[in-house]
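Hello,

Here is the structure you were waiting for. My notes follow below it.

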Amino acid sequence: MFNKYELTQAIKDKARQLGFTLAGVTSFAPPAHFDIFETWLAAKHHATMEYLASERSRLRRADPSLILPEGKSILVLALPYDRQAEGGMQKAEFKVAAYALGNDYHEVILPKLKEIVQFIEEQVGHPVPSRYYTDTGPILERELAQRAGLGWIGKNSMLIHPTAGSTFLLAEILLGIEMEFDEPFQTDHCGTCTRCIEACPTQCILPNRTINSNLCISYLTIENKGGIPEPLRPLIQNWIFGCDICQQVCPWNRFAPPANPALEPAIPLPILTDDLTLTSPQFNQRFKHSPIQRAKRRGYLRNLATAVGNTGSACDIPILEQAAQDEPLIREHAVWAIQNIKEKQKRL
Ligand code: SF4
Ligand code: SF4
């Protein structure tokens, strides 16, 4: 029979065996900085992500015990993705956020979380009330991760660990068993650095370590289902799904560990302008197990048309003209891209 300390160590060992490089435990106490989230919502910095502002979602974020009333411990985990992929993609014509080059992390991480819960139930010999999430639950995961000792919330709003950097995906298991809590991570290692703030092309990093999603390239190219505001299109450069700039420039990512093999790049590369003619079945086939599915074909082609408009030349105009025959959202961005290329040529 395990005592609480031994059980916690056994669970963390199991998580490490499954590839989680960081593991920490915190309580169900309400997050101390919930007010920052409320201020962010009040300022409409969540843009069109209304699911974040619903009464149900806000109450749960304010008090995790509403998700699992029997909850006693929250296990917070981190699985690294391929930081090197950023470098590889930088040489490519179009850029995709590094985490999205691998298989869909939900497909990779959720079965691992399920396996950990099964392991815990085997150890204690009875069913354990639990909920588990990776970016899918109504919880303030970065604050819980800081409280579980996994790192500090950097000026770029990411959770950063002194040796693991920030190129990992967080996951949480809420559990109805007593575990040994970790000490919160107390220090802020950003110091006087402002690299991320200076490098952000749309200047959307706010002084309170949150992001104005309305301007963030990650939001604009993934969660945003409508058009990309015209003044922001040139700032998106050649990012076609997400953006890593504020992590690429962060000095704490220099020594980040290698990716978990399940999250190594999996989509066919490089991405070419030819993707502007992808049909729906072709898009679904190409990105079947990829996070890029989230943008859907219309969002992906909108992003690609914008990027081609920013970086393309006269030889891209015929394929943009084909895209301009597509549905209104894609058409609008393809027409903008054609005009942008023509105007650039006039200035040459
Ligand atoms: S993801 Fe890109 S646009 Fe968003 S805050 Fe970071 S650097 Fe700025
Ligand atoms: S780039 Fe500098 S300021 Fe920004 S998160 Fe990293 S250490 Fe902090």
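The buried residues of α1 pack against β1 (22–26), β2 (73–80) and α5 (105–124). Contact here means C-beta atoms, placed from the backbone, within 7 Å. Helices (H or I, at least four residues) and strands (E, at least two) are DSSP runs, numbered from the N terminus.

This is a predicted model: local features need pLDDT of at least 70, side-chain atom pairs count only at pLDDT 80 or more, and totals for chains, interfaces and linings use all residues. Residues are numbered from 1 along each chain as its sequence is written, while chains are lettered from A and ligands numbered from 1 in the order in which they are written.

Thr8, Ile11, Lys12 and Ala15 are the buried residues in α1. They sit on the same side of α1 because they cover an arc of only 95° around the axis (taken from the directions from the helix axis to the C-beta atoms). The face turned away carries exposed Glu6, Asp13 and Gln17. Buried means 20 or more other C-beta atoms within 10 Å of a residue's own, exposed 12 or fewer, partly exposed in between. Just after α1, Gly19 has a positive phi of about 105°.

In β1, 5 of 5 residues are buried. Leu22, Gly24 and Thr26 take one side, Ala23 and Val25 the other. β1 pairs with β2 in the antiparallel sense over 5 bridges; pairing needs at least two DSSP bridges. Thr26 stands opposite Ile74 in β2.

Best wishes

How values were computed
Contact = placed C-beta atoms within 7 Å.
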